[in-house]
Amino acid sequence: IPIGTLLFLQDASGTDTRNTVSLAVDYLDGAFDGREGEVLGHPVKVINEVEDCTPEGGRAGARRLVAGSPDLVAVIGTTCSASAFRAAATVLSQRRVLMVSPTNTSPLLSQPAGRERYYFRTAFNDLIQAAVVADFMRQKLRTRTAATIALDDPYSAVLADAFIDAFRSDGGAVASRQVVSASTSIGQAAARVAAARPGAIFMPLFQPSCGAVLRAVRAQPALRDTPVVVSESCMVQSFARGLDDPNVYASAPDTARS
């Protein structure tokens, strides 16, 4: 039984997922013995592939999996929503290969118009995260104005827009909406946000963008102490290690209550 993984290994969640799959398949025989187990007498073989958090990387990785194993049953992945939406999820569904992601959160992937037939996920929908962050800014940070800085992809930009909708519904106003792309640099985006002087900033990003954008924001004198909220994808060691900024908050699942 061939099963694939398609993961972004530059992110901790990607390496955690690959390790989890390895342990789960090892334990199919009830013991951690370093050997892949069996299902109903059939040996399970795991084929690992990587994606790079882009649609192109997701499509390419999915095609490699299918080409390398014509009898592929299922794929665990992708790590990034951008690699799944109209990318790996489409390639695999066209070949009737089940895809289950533990970390995709973009609303686009589960909307009736966007969901592929063989695509599933176990992660939360970012419409929930957007509403929680909006409520936090209005009720806890007591701000009436906010700005967003996002990347131009199905995870970051869609989460930023969902936050904007939720924040406005809660009575807030959006002072600036910045999307970093090939034509807009991080520095330019930070300068435009500084000119708008928002009460708080939401940055739904992932590494290494989390650190780069935060540094650009803090380089603006008007934003030196402005509260910043980052999304769950920034909650990795490479971003949090050494961070000494009391005005940075992070949105993430509360595992203590699960």
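**Disulfides, parallel sheet and helix packing in a predicted model**

Two disulfides, defined as pairs of cysteine sulfur atoms within 2.5 Å, are found in a search of the whole structure. The structure is a predicted model, in which local features need pLDDT of at least 70 and side-chain atom pairs count only at pLDDT 80 or more, while totals for chains, interfaces and linings use all residues. Residues are numbered from 1 along each chain as its sequence is written, and side-chain values use heavy atoms, with hydrogens and water left out.

The torsion about its S-S bond is about -95°, so the Cys53 and Cys80 link is left-handed. Cys53 lies in the loop between S4 and H2, and Cys80 in the loop between S5 and H3, so the pair ties together parts that are 27 residues apart in sequence. Helices (H or I, at least four residues) and strands (E, at least two) are DSSP runs, numbered from the N terminus. Cys53 has a relative accessible area of 7% and is buried; Cys80, at 9%, also counts as buried. Buried means under 20% relative accessible area, exposed over 50%, and partly exposed in between, with a 1.4 Å probe and protein chains only.

The sulfur atoms of Cys210 and Cys234 are 2.1 Å apart and form a disulfide. This link of Cys210 and Cys234 is left-handed, with -90° about the S-S bond. It joins distant parts of the chain, since Cys210 is in helix H7 (residues 209-218) and Cys234 is in the loop between strand S11 (228-230) and helix H8 (237-240), 24 residues apart. Both Cys210 and Cys234 are buried. With the bonded cysteines of the chain numbered in sequence order, the pairing is 1-2, 3-4.

Five strands form an open sheet in the order S4-S1-S5-S6-S7, with parallel pairing; two strands pair if DSSP finds at least two bridges between them. Strand S4 (45-50) and strand S7 (119-121) are at the edges with a single partner strand each, so one side of each is left without a neighbour in the sheet. From one strand to the next, the twist averages 20°. Strand S1 (residues 2-7) pairs with strand S5 (residues 74-77) over four bridges in the parallel sense, and Gly4 stands opposite Val75 in S5.

Helix H2 (residues 55-68) packs on the sheet, where it touches S1, S4 and S5, and its direction makes about 150° with that of S4. Axes are lines fitted to C-alpha atoms, for helices over the stretch in contact, and angles run from 0 to 180 degrees between N-to-C directions. Helix H3 (residues 81-94) lies across S1, S5, strand S6 (98-101) and S7, and runs at about 145° to S6. Thr17 is located in helix H1 (residues 12-26) and counts as buried at 10% relative accessibility. Leaving aside neighbours within four places in sequence, Thr17 is in contact (heavy atoms within 4.5 Å) with Leu7, Ile76 and Pro102.

Helix H5 (residues 156-169) has 14 residues and should span 20 Å at 1.5 Å a residue, which agrees with the 20 Å between its end C-alpha atoms. The expected span is 1.5 Å times one less than the number of residues. Buried residues in H5 include Ser156, Ala160, Phe163 and Phe167. The buried residues of H5 are covered by elements including helix H4 (126-139), strand S8 (145-151), strand S9 (173-180) and strand S10 (200-203). Gly171, which follows H5, has a positive phi, near 95°.
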